[in-house]
Structure formats: C-alpha cells, structure tokens
Amino acid sequence: MSPEVTAALQEAGGMFLFLAVELTALFLLISYGVAVLQEYISPARIQAVLSSRNGRGYVVAALMGAITPFCSCSTIPFLKGLLRARAGFGPMMVFLFSSPLLNPVIIGLFTVTFGLQVAVVYFLIAMVVSVAAGVLLEALGFERHVEPAAYEAPVPSGCGSSCSAASQPENRWLRLWKSVWKDFKGVLPYLLGGIAIGSFIYGFMPTGLITEYAGSDNLFAIPVAAVIGIPLYIRAEAVIPLSAALAAKGMSLGAVMALIIGSAGASLTEVILLRAIFRMPMILAFLAVILTMAVGAGLIYALTPLGA
C-alpha cells in the first residue's frame, strides 16, 4: 500500500472517529435538551409561535436558526422535536435551512476571514432564501411528504401508560433519557453510514482537485463547487478557513461561497438522516433549495463588485 493511500486512510479514519463521537454527543445532548423543553413548553405554545398562518412564525424560525450553534446534522434532533410539537411546516423548513448556515460562530468566522461586507451579504442571502423556501414548500403542500412516524415520540421499551410524568414525576429525567436513547438507536445506522461515506470522500478527495475544477473565475466553477460541497462533509467552522486557503490559491469568491453553503447547508450525513423523516420528493426539494442558494450566492459574488 502506497504512502499516499495509507495517509488518506488515516485521515479518513481519523475524521470518522471524530465525527462519530462529536455527532453522537451532539445528537444525544440536543435531543435530551429538546425533550426537557417539551416538558415545560406545551405543543400548543410551539404551534402558536411557529405558526404558518402569519409571517411572524417564519421570521421567528429564521431567528432561531441564526442563534442556534448547530451544524447540519445536529439540527435534526431539534427538527424532530418541532415535528412532534406540530409546529407549522413552513417555519420548520426555514429553521432547517437557516440553522446550519447562520449560527453566530459561522457569521463571526465570515467576518474575520472575508470582511464585514461579505458576511452581511452572505447573512442576507441565506436568510431571504431560507424564508422564501419555507413559504414556497408550505404553499406547494410538501408537508404531505413527511413520514407519519416522524410525528410520533418514541416510547421507552417496557414503558406503558404508567410512565407518564403525572404518575411517576420522580422518574421524569430517566424516562426522557430512555425516550431519547430509543430515538437515537433508530437513526444510528443512518448516522454512521453517512459519516463513513463523508469521511471516505474527505480523506481521498484532495484539495487540489477542488481547486482545479472550481478554482477559475468562470461561471461553471460555481455549480461545480456547490455540488462538491454537499458530499464533502466539513463543518462550516472548518470549511471557512479551508475556503480562505483555496481562495488564496486562486478560487473565485463566488465559488468559495458556493462551496461553503453546499458543505455547511446540506451534508451527505444530514441527507441520509433526513431520509428517516422525509420521503424522497422532500429530500430532493431540500437539496434543490441548498443548491439554489449556493449557486445564487456564488453568482451574486461573481457578477457584482462584491466579488472583486
């Protein structure tokens, strides 16, 4: 086995272990946090705040996405909690799109790396497209593509009606943990499968390949960068410094924006996890929104003075 292949395997293996531990911890922590919140915030309250009947629900969902420091995969437990609370479908989709792209860490890194003007324009693009996509998907009736089981809270094994909070308040936290663990076991195969594929691509796809096919200033580099970004699972906190290095090697700012949005907004692992929640038409719509956002942002930077 050549040294190059050995190094790539080690890099892929290291990434798999890192992501498996990190995403498992995040999934369990966020899922438990959501479960605790649902003990104190009634579904009726969530429905009222995140309603599709007025514009406020969409704005609140976008702002929730902007203040929650979640990556694309760790957004899933929060989404499942919103589904079980029967929040408005459109606002839920706004949160799904905006959360991994607009969290404070990403905006801060954008500001430091590319400057305040680029960060503000990126924020506005991601915010507007997220809200518009949520409104459009709601209007087109895509809620019918949610798997019915996604609305149901898991019941801990061996736990019947006697496990209600009213009858056993002293066991509330254990009951919540059993529910979260049961839910986690259901998504674990999807999680590990997505991480394995993404880690393999991460280890064996050299940055030189990205630079070669998405590094010039031609417009075709932008959709190429957006498409490359999705299977190349890198958290935005890591892809922004990587993109800065690629930009220094000659990648256009438009292609950089497309790469960041593609990789941060829709990782392969997230898509596989979403398959347990959505039917295929909704998965395709989700990918279409992220690609449209990535390519659109890239073109704005390529065709305006912002990219100069």
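The side chain of Ser263 comes to 3.2 Å from the backbone oxygen of Ile260, and a polar atom of that side chain lies 2.9 Å from the backbone oxygen of Leu259. This is a predicted model, in which local features need pLDDT of at least 70 and side-chain atom pairs count only at pLDDT 80 or more, while totals for chains, interfaces and linings use all residues. Residues are numbered from 1 along each chain as its sequence is written, and side-chain values use heavy atoms, with hydrogens and water left out.

Ser263 belongs to helix H12, residues 253–265 (helices are DSSP runs of H or I with at least four residues, numbered from the N terminus). Because its relative accessibility is 1%, Ser263 counts as buried (buried means under 20% relative accessible area, exposed over 50% and partly exposed in between, with a 1.4 Å probe and protein chains only).

Helix H5, which covers residues 89–102, is mostly covered as well, with 14 of its 14 residues buried. From its first C-alpha to its last, H5 reaches 20 Å, close to the 20 Å expected at 1.5 Å a residue (the expected span being 1.5 Å times one less than the number of residues).

On the surface, Met1, Val5, Leu9, Phe200 and Phe204 form a nonpolar patch with about 500 Å² of accessible area together. Helix H1 (3–40) and helix H8 (172–204) are the elements that give two or more residues to this patch. Val5, which lies in helix H1, counts as partly exposed because its relative accessibility is 32%. Such patches are made of residues with over 30% relative accessible area and no salt bridge, nonpolar side chains being joined within 5 Å.

Methods. Polar contact = N/O pair within 3.5 Å; in protein donor to acceptor, adjacent residues only side chain to side chain. Patch = residues over 30% accessible without salt bridge, like charges linked within 9 Å, V, L, I, M, F, W, Y side chains within 5 Å. Areas by Shrake-Rupley, 256 points an atom, 1.4 Å probe, with all protein chains shown as cover. Salt bridge = Lys/Arg side-chain N within 4 Å of Asp/Glu carboxyl O.
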